[in-house]
Amino acid sequence: MVKIGLNFILNKRMSSLSVDHLLGIRNLSVDDIERIFQTAQSFKEVINRPIKKVPSLRDITLANVFFENSTRTRLSFELAAKRLSADVINFTASNSSVKKGETLIDTVNNILAMKVDMVVLRHASPGAASFLSKHTKAKIINAGDGTHEHPTQALLDAFSLREKLGELNGKRIAIIGDILHSRVALSNIYCLQKLGAEVLVCGPSSLIPKGIDSLGVKVSHDLTETLLWCDAANFLRIQLERQDSPFFPSLRDYALQFGLTSEIMESLNKSIIVMHPGPINRGVEISSSVADSSDSIILDQVENGVAIRMAVIYLLAAQIER
Amino acid sequence: MEKQVILDPQQFDLTVTRLCHELLEQHADFSNSVLIGLQPRGIHLVSRMLDKLQEILPTPPMCGNLDITFHRDDFRRREIPLIPSVTNIDFSIENKKVILVDDVLYTGRTIRSGLDALLTFGRPIQVQLLVLIDRRFKRDLPIQADYIGKSVDTLNHERVKVSWKNIDGEDRVELYIKQTHE
């Protein structure tokens with residue numbers, strides 16, 4: 001049947017983003033976020049077609065430059081670029097000249113000399129993407145800079161939440177786990193607050209940064225209390241590789257205090273949405289039975305990740321002049 | 001700006017009715033034919049024709065909307081909409097006869113993109129083109145319509161505006177002639 005939607009929002013359809021690079025959620029406007037979501041919605045339809053590809057970015061080359069390990073983010077960006085018909089090259093630090101002492105700017109400028117238009121950067125240093133955007137000509141997309149931001153993850157989380165909850169204004173979202181070492185937490189806090197949601201962070205006090213309440217978030221150290229408060233809970237991975245000294249006695253101890261099990265879910269007498277940015281430590285942050293239950297939207301997050309990244313690449317590429 | 005009426009409400013209705021009957025001649029009961037309207041304005045013609053075809057046919061034809069934004073050939077070359085309208089084709093077009101529907105045929109570039117976008121949904125057995133207005137002799141590409149509401153001869157700086165009762169208040173087609181001051 002033909003649906004005659006009022007889907008012309010003419011004034012908003014023309015414009016791109018207010019920023020030149022996607023460095024973090026902090027410098028995005030609410031309009032930017034809405035525009036990314038609206039575009040991602042269309043791309044979600046595209047990636048469910050028999051032929052999941054559009055020719056928009058045939059003349060664009062994108063480099064995935066990853067100085068830290070990642071499977072799903074790199075795959076998601078690579079697939080997003082390919083679905084837009086852009087060419088993709090992958091660079092990982094483990095098998096590169098970085099080991100021989102090359103600097104970040106030199107590495108990236110060498111890649112750009114091969115006529116690359118956009119760089120997706122993951123780096124262990126906070127601010128790496130912002131630094132690169134000031135010293136190179138390419139469009140930069142931050143795919144995680146240390147413990148600072150991971151904007152596309154926050155966008156796909158909020159987009160997935162909105163599919164389930166509707167408008168996020170006034171909704172209560174909890175972020176649970178390792179807030180201290182997490183770039184996902186910070187980007188999520190910015191993004192959810194811009195969309196009008198209330199945010200609470202929950203975890204052992206050793207994993208909650210001091211002064212986080214200055215961002216306007218609530219803090220809790222009790223899992224059940226948190227779950228009773230929230231509409232949706234985003235469980236973050238315990239990042240063992242970022243912890244120089246132990247922040248809690250043992251993984252088992254953490255799982256007992258902050259791990260979500262189906263027994264806890266049943267005791268709540270209400271349904272909440274369960275999210276996880278992956279990769280899951282099954283039995284630590286979330287038990288297998290919850291991760292695979294209908295409350296979990298973990299695989300929706302992965303699917304939406306491709307659509308969101310297509311939207312970001314597409315809207316930034318629209319600014320490239322030839 | 002001077003304007004000239006191409007179709008008044010009465011002629012408009014007659015034209016759409018005639019287009020429906022032309023389609024019926026070729027596609028009979030529409031058992032293997034589908035209508036696909038191009039966003040943003042072709043979808044109004046589809047819904048209008050659907051109203052009329054429903055009165056004649058026992059089962060209404062399958063209809064869909066197709067947006068071509070991602071398939072345009074002028075991305076980043078001029079100020080075009082970046083954010084698309086809705087694409088909504090909830091049936092298979094494999095081995096179907098597809099009638100692409102748009103309000104105005106001008107350079108043919110939209111239809112080229114439309115064909116490209118359509119083929120990502122499968123392989124139709126035949127594709128035809130139906131337009132309300134054909135601005136003839138103005139093509140950039142070798143594309144012609146199979147069903148034409150009305151052909152008009154226009155100059156490049158002129159503009160054809162199709163208004164719809166449900167969105168613009170009245171069914172009407174007008175030609176706007178910009179005065180050039182030279």
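**Domains, sheets and cores of chains A and B**

The domain assignment divides chain A into domain 1 (10-149 + 305-317) and domain 2 (151-302); such bounds come from an automatic or database domain assignment. The model is predicted: local features need pLDDT of at least 70, side-chain atom pairs count only at pLDDT 80 or more, and totals for chains, interfaces and linings use all residues. Residues are numbered from 1 along each chain as its sequence is written, while chains are lettered from A and ligands numbered from 1 in the order in which they are written.

The pLDDT, the predictor's confidence in each residue from 0 to 100, averages 90 for chain A, and 92% of the residues score at least 70. Over residues 1-13 of chain A, pLDDT stays under 50, and the model has 22 contacts beyond four places in sequence for this stretch. Two residues count as in contact if their C-beta atoms, placed from the backbone, lie within 7 Å.

The C-alpha centres of domain 1 and domain 2 of chain A lie 25 Å apart. Their contact takes 22 residues from domain 1 of chain A and 18 residues from domain 2 of chain A. On the side of domain 1 that touches domain 2, the elements giving two or more residues are α2 (30-46), β4 (139-145) and α12 of chain A. Of these, α2(A) supplies the largest share, five residues. Helices (H or I, at least four residues) and strands (E, at least two) are DSSP runs, numbered from the N terminus.

A nonpolar core is a set of buried Ala, Val, Leu, Ile, Met, Phe, Trp, Tyr and Cys residues joined through C-beta atoms within 7 Å. A residue is buried if 20 or more other C-beta atoms lie within 10 Å of its own, exposed if 12 or fewer, and partly exposed in between, with C-beta atoms placed from the backbone. The largest core has 97 residues, of which V119(A), A233(A), M310(A), A311(A) and I313(A) touch the most other members. Helix α12 (residues 298-317) of chain A gives the most to this core, with 11 residues. Both domain 1 and domain 2 of chain A contribute residues, so the core lies between them. Leaving aside neighbours within four places in sequence, A311(A) is in contact with I36(A), T39(A), A40(A) and F43(A). Apart from this core lies another, of 39 residues, including L23(B), I89(B), L130(B) and I133(B).

Chain A also has an open sheet of four strands in the order β2-β1-β3-β4, with parallel pairing; two strands pair if DSSP finds at least two bridges between them. Its edge strands, β2 (87-92) and β4 of chain A, each pair on one side only. Strand β3 (residues 118-123) of chain A pairs with β4(A) over five bridges, and H123(A) has D145(A) as its bridge partner in β4(A).

In chain B, five strands form an open, parallel sheet in the order β3-β2-β4-β5-β6. Strands β3 (62-66) and β6 (147-152) of chain B are at the edges, each pairing on one side only. Eight bridges join β4 (residues 97-105) to β5 (residues 126-135) of chain B, and I99(B) stands opposite Q128(B) in β5(B). Helix α1 (residues 9-27) of chain B packs on the sheet, touching β2 (33-38), β4, β5 and β6 of chain B. Helix α2 (residues 42-56) of chain B also packs on the sheet, touching β2, β3, β4 and β5 of chain B.

Note on methods: Axes are lines fitted to C-alpha atoms, for helices over the stretch in contact, and angles run from 0 to 180 degrees between N-to-C directions.
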